[in-house]
Amino acid sequence: MLAKVGDIYSVFSSRLQQYVACQVTAIEDKASSGRPPLAAILQLDWTGDALPDADAVQAMRPLVCDYYFWNKRHDHSFANARVPRHYTLVANVAPLVDTAVKSYSGGWHMGDSVYRQRRWERVDPARRRRFRAASSEEVRIGSQTVCQKTNRIDDGILQALGDLSELDQLPCLTSIETRHGSAALAAYINGNPIINEVHWQSSTVQELDLRNSNVSRLIVYSECLQSLRLNEGLASLILNGAPSPSLHIDDPHAGRFLRLQLSGAVAPFHGLDQLARLSLSAMPAVDFDVVAQRFPALTDLTVWGKPGLASNVASIAKLTRLQDFTADELFGYGPDDFPAPTQLPALSSLCLTSLPLDAAKAIKASYKKAAALGLDLSVTRPRKPEWLAENLHNAFRDWDGRAHISAAYAKKAAQAYKKLSATVRTLDAVSDAETAQTMAHELVTAYVGVFNQIERRSSIIETVERDEIYVALEQVLTQTQLPDVAALYALFDRLREF
């Protein structure tokens, strides 16, 4: 079902244990471009123990967000106009706001902002006032002078501190990144409810306890950890590195409100048995039977292949609560392997990109009726076996089929990467370090030149593409023994016109 202007929808938020509501304020029709229309979704400042009645609808007002750096703004952004299956239409009234919408959220996300706003309002009012009152005035932290409004610090400041209490001079400090985590730093994070993002690595701390913190996003390099205790309200946990098989992760809700991100493999740790959302990135292979047995309560599963080979794809059907499934660059399965719509009764969104051609055809046919009944279905970039053989080691394979990039430019990018990768590998055989560095300088210059030429002719290189060009270069250079790789990154930045 497509949303209409003025529609008010309600859905039960498991995090809040109440119903929440939103309104559709505008529709942007993308039919002419081959994409589905977009709906402007306005989050409403309403919660209730049951679906709203007429009186409740009349009293509804837009949610005004002032948590962290939101300055009394509405949560108002575009999403797919197809209404998720579990949402209930409760009314249609004139839009409560008529402001232009410029952002795209990627989903309806009802209740998220209400929950974040309520968490913010529980922070001590004095701390919130200091947060708002922070200025560009400079303060002395350790041996450095920084702006009072500084919101992110790393070891450059942390390692120079005489006392962590010096950080109290930074009332807007929301993010800490460290490679030298200590028990004292963990205690400070627990005592400062403004801190909501932590990047943690430590060679000495084996038990990290953040139960009393207000962190919403935690990135942990987990090789040394034996115990990780999470706080109420944590929304995202990213485990980098290879966790110890003996690692125990303790979450107040066993992962029911958490998104976990793993890279390269499904890590063997204990805990999070009721995990709701799982993202697997850079996967060379994924066994869906292992995923389903390890995390049977998943409602949201996203898998990015490297590209990757998928096995036991039929086991996705064991995830009976699955509402959203996204997969990109997964191969190794055929038309009879993917579960039928009847096997995934809760599914509301299915997005498959870059997959075997025969499987793509079968899935489109199988899910056609479900899509007509409201399933958000997207099956794009079907690949022939020949494509996979040619692009397995192509860092720019995703450019092939991207809407604003022609096949010719995708091919040019792939050739530039292939030439760079093949030639850089020969530099380790050059005995003279200065000569090798000079040759690498010429290679990077040529590599950047290809993309400068593409940009001059077409202006197709946007933020995503710019990052991909840099990451591809980084993947190649990190495999070399060159004496000054930093100079090559600086050269890249100096030469690029995109």
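Figure 1. Ser 227 is buried, its relative accessible area being 17% (buried stands for under 20% relative accessible area, exposed for over 50%, and partly exposed for the range in between, with a 1.4 Å probe and protein chains only). The model is a predicted one, in which local features need pLDDT of at least 70 and side-chain atom pairs count only at pLDDT 80 or more, while totals for chains, interfaces and linings use all residues. Residue numbers start from 1 along each chain as its sequence is written, and side-chain values use heavy atoms, with hydrogens and water left out. Ser 227 belongs to strand 15 (residues 227-229); helices (H or I, at least four residues) and strands (E, at least two) are DSSP runs numbered from the N terminus. Not counting residues up to four places away in sequence, Ser 227 touches Gln 206, Glu 207, Leu 208, Leu 247 and His 248, where a contact means heavy atoms within 4.5 Å.

Figure 2. Ala 359, Ala 360 and Ile 363 are the buried residues of helix 7. They lie on the same side of helix 7, because the arc that they cover around the axis is only 100° (the arc is that of the directions from the helix axis to the C-beta atoms). Strand 23 (349-356) and strand 24 (376-383) are included in what covers these buried residues. Lys 361 and Ala 365 are exposed residues on the face of helix 7 turned away from its buried side.

**Figure 3. Ala 365 and its separation from Ser 431.** Ala 365 is part of helix 7 (residues 357-366). With a relative accessible area of 58%, Ala 365 is exposed. Ser 431 is 66 residues apart from Ala 365 along the chain, and 59 Å separate the C-alpha atoms of the two.

Figure 4. Most residues other than glycine have a negative phi, and most peptide bonds are trans. The peptide bond that joins Lys 306 and Pro 307 is cis, with omega about 15°. Pro 307 is located in strand 21 (residues 300-311). Asn 312, in the loop between strand 21 and strand 22 (324-331), is not a glycine but has a positive phi of about 50°. Asn 312 has a relative accessible area of 42% and is therefore partly exposed. His 109, also not a glycine, has a positive phi of about 50°. The loop that holds His 109 runs between strand 7 (88-92) and helix 2 (112-121). The relative accessibility of His 109 is 43%, so this residue counts as partly exposed.

Figure 5. In soluble globular proteins, nonpolar side chains tend to be buried together. The largest nonpolar core contains 73 residues, and Leu 167, Leu 237 and Phe 325 have the most contacts inside it. Such a core is a set of buried Ala, Val, Leu, Ile, Met, Phe, Trp, Tyr and Cys residues joined through side-chain atoms within 4.5 Å. Leaving aside neighbours within four places in sequence, Leu 167 is in contact with Ile 141, Ile 153, Ile 157, Leu 158, Leu 161, Leu 173 and Tyr 188. A second, separate core has 33 residues, among them Trp 399, Ala 440, Tyr 447 and Phe 492.

Figure 6. A disulfide is a covalent bond between the sulfur atoms of two cysteines. The structure holds zero disulfides, the criterion being a pair of cysteine sulfur atoms within 2.5 Å. The cysteine sulfur closest to that of Cys 22 is in Cys 65 and lies 13 Å away, which is too far for a bond. Cys 22 has 0% relative accessibility and so counts as buried. Cys 172 is likewise in no disulfide, and the nearest cysteine sulfur, that of Cys 147, is 8.4 Å away. The relative accessible area of Cys 172 is 3%, so this cysteine is buried.

**Figure 7. The chain from which the close-ups are taken.** The chain has 13 helices and 24 strands. Its C-alpha atoms fill a box of roughly 80 × 65 × 50 Å along the principal axes. Of its 498 residues, 48% count as buried. Among contacts between residues at least 6 apart in sequence, 49% join residues at least 24 apart.
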